[in-house]
Amino acid sequence: MGLSKIITRIRAAEAAADRAPGAVTLIAVSKIQPPDRVEAVLDAGHRVFGENYVQEAGAKWPAWRDRYPGVELHMIGPLQTNKLKPALALFDAIHTLDRPSLAQKLARQVQAHGTCPRLFVQVNTGREPQKAGILPDETDGFVSACRALDLRLYGLMCIPPDDQDPQPHFRALREMAERNGLSGLSMGMSADFETAIAEGATHVRVGSAIFGARTVRPSA
């Protein structure tokens, strides 16, 4: 489909929801994409990208950042605690704060280095055992615990179950965010980002609709 068509659809969805143009940030999910595809999107002027794997991101983005000023990099995959230090050096935002042990180790790293990326708590809205994330009824307590650790939370993130209507999940996430005074909502991907925008998404994560099908998965 391509970048320009996705942006056009985002702007149309913003207008349909009576939201300001540019209210939604498009995260172009560049994980496992060939360099020429990513560079084509960079050359088109886009600067916000999402990666799932710390090792992959660290191998390719420092050079691109030198060539393309203003790049903003978002961690949207599971974050292992042993990769926290390089992740903090690479990413401007982390969307997968999903467990107390990670929050505690992240807080120690942030205190040691004095800087913190924008943080989204991942919520397992579908209560799927195979997925990471805080359960919905534990989210308020987890947000409070993170704030007690002096972690500056920006918002919430979810990935609805593949076999369910995503709208109730997006709506539930928005209600949780509002209840906790959080403005960021990272929700919506290639198949459902317009529904997410209608429910208040501030960040949508779109990969294959921009870049095409992915290739082989690298090591994390």
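**The pocket and a helix pair**

Author: By class, the largest pocket is lined by eight nonpolar, eight polar and five charged residues, where Asp, Glu, Lys and Arg count as charged, Ala, Val, Leu, Ile, Met, Phe, Trp, Tyr, Cys and Pro as nonpolar, and the others, Gly among them, as polar. This is a predicted model, in which local features need pLDDT of at least 70 and side-chain atom pairs pLDDT 80 or more, while totals for chains, interfaces and linings use all residues. Residues are numbered from 1 along each chain, and side-chain values use heavy atoms, without hydrogens or water.

Reader: Switching topic, at what angle do helix 2 and helix 3 pack?

Author: Helix 2 (residues 35-43) and helix 3 (residues 54-67) pack at about 30 degrees, with axes 12 Å apart; helices here are DSSP runs (H or I) of at least four residues.

Reader: And how are helix 2 and helix 3 oriented to each other?

Author: They are roughly parallel, because angles under 35 degrees count as such.

Conventions:
Axes fitted to C-alpha atoms, helices over the stretch in contact; angles between N-to-C directions. Helix = DSSP H or I, 4+ residues; strand = E, 2+ residues; numbered from the N terminus. Parallel < 35°, antiparallel > 145°, perpendicular 65-115°, else oblique.
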